[in-house]
Each structure stands twice: as structure tokens, then as C-alpha cells.
Amino acid sequence: MRTTATSALGRLWADAAQPLFHEMLAEADDVVRIAAPVGLRTIGAVDEGVVRRLAPILARAEPAGPELRFAAVTVLDGAAAGARPAAAPLLVQVLRDPNADEATLLAAARALLVVVGREAKSVIL
């Protein structure tokens with residue numbers, strides 16, 4: 001229900017919802033934290049600050065369940081042009097993570113292709 005409400009909030013409030021989504025990333029509840037990056041992607045606000053905030057989640061430097069890690073990876077393919085240089089190494093790190101689940105690995109490969117284009121081929125293959 002929260003995810004649906006967050007998605008609707010993003011569509012209705014657009015940029016005005018951005019501060020709320022940033023606050024949601026700091027919550028302890030993974031369900032709330034999952035909705036935040038998805039909402040930010042919905043409004044096209046996956047900027048360098050968002051990518052940097054997702055970094056500890058993807059690097060396993062802070063507690064996060066597999067669903068949150070998957071959500072964090074999937075929004076990176078919507079990273080703004082200025083955020084892509086920060087997103088690319090995170091995605092490579094996920095691809096090299098021996099503990100990453102298959103869905104997250106596939107999402108990371110797809111996102112890396114979107115973020116860096118054909119240069120991703122050497123990392124993915």
C-alpha cells in the first residue's frame with residue numbers, strides 16, 4: 001500500500017515530492033526505503049545525490065534486504081546524465097558481488113548497459 005501511495009505521490013506532486021523521498025531513504029523500514037528510489041525515478045530525480053545515498057546500500061555498508069538492493073539497482077538505469085559517472089562503478093561493484101542474487105545481477109547488467117552503453121560489454125561478459 002505504501003509503495004502504491006508513494007508512486008501516486010510522485011506522479012501528483014512531481015518535484016515537490018523530492019524532499020519527502022529523500023527523507024524516506026533514511027527510514028529504518030526497508031518497505032519505506034524501497035518506495036523512495038522508485039518514487040525518485042518516477043519523477044526523474046535520480047541525481048548524483050541519490051546515487052551517492054544508494055551507494056552504502058549497494059556496497060552492503062548498511063543493513064538492507066535483497067528487495068531494497070534490487071530496487072536501488074533498478075532505479076540507476078534512470079540516473080540523470082550528471083549522475084551516471086557515479087552510478088557506473090556502483091553497478092560494476094554489484095556485478096562483482098559474489099553474494100548478489102540473480103535478479104539483482106540481471107538488473108545491474110541492464111542498468112550498466114543503459115548508463116554506459118556498449119562499454120559495459122567488457123564488464124558484463
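**Salt bridges**

I started with the salt bridges and found that the structure holds eight of them. I'm keeping in mind that this is a predicted model. Side chains of opposite charge can pair when their charged atoms come close.

Which residue does Arg 53 pair with? I looked it up, and the partner is Glu 62, with 3.2 Å between the closest N and O atoms. Arg 53 has a relative accessible area of 25%, so I noted it as partly exposed, since buried would need a value under 20%.

Next I went to Arg 69. Its salt bridge is with Asp 97, and here the closest N and O atoms are 3.1 Å apart. Arg 69 sits in helix α5 (residues 66-75), while Asp 97 is in the loop between α6 (84-95) and α7 (102-116), so this pair ties together parts that lie 28 residues apart in sequence. Buried or exposed, I wondered, for Arg 69 and Asp 97? Both are buried.

Then I checked Arg 110, whose side chain meets that of Asp 77 in a salt bridge at 2.2 Å, N to O. This one also links distant parts of the chain: Arg 110 is in helix α7 and Asp 77 is in the loop between α5 and α6, 33 residues apart. Asp 77 has 9% relative accessibility, so I put it down as buried.

I also came across a network: Asp 30, Arg 33, Arg 53 and Glu 62 are joined into one by salt bridges that share partners.

**Thr 104**

I moved on to Thr 104, which is in helix α7. Its relative accessibility is 1%, so it counts as buried. What does its side chain make a polar contact with? I found Asp 101, at 2.9 Å, side chain to side chain. Leaving out residues up to four places away in sequence, Thr 104 touches Pro 66, Arg 69, Phe 70, Val 73 and Val 94.

**Helices α6 and α7**

Last, I looked at how α6 and α7 pack. Their axes are 9 Å apart and the angle is about 150 degrees. The two helices are therefore roughly antiparallel to each other, as the cut-off for that is over 145 degrees. I noted the crossing of α6 past α7 as left-handed. On the α6 side, the residues making the contact include Arg 84, Ala 87, Leu 91 and Val 94. On the α7 side, Thr 104 turns up again, and among the others are Leu 105, Ala 108, Leu 112 and Val 115.

Conventions: Residues numbered from 1 in each chain as written. Predicted model: local features only at pLDDT ≥ 70, side-chain atom pairs only at ≥ 80, totals over all residues. Heavy atoms only, no water. Salt bridge = Lys/Arg side-chain N within 4 Å of Asp/Glu carboxyl O. Buried < 20%, exposed > 50% of the residue type's maximum accessible area, 1.4 Å probe, protein only. Helix = DSSP H or I, 4+ residues; strand = E, 2+ residues; numbered from the N terminus. Polar contact = N/O pair within 3.5 Å; in protein donor to acceptor, adjacent residues only side chain to side chain. Contact = heavy atoms within 4.5 Å. Axes fitted to C-alpha atoms, helices over the stretch in contact; angles between N-to-C directions. Parallel < 35°, antiparallel > 145°, perpendicular 65-115°, else oblique. Left-handed = near helix turned anticlockwise from the far one by under 90°.
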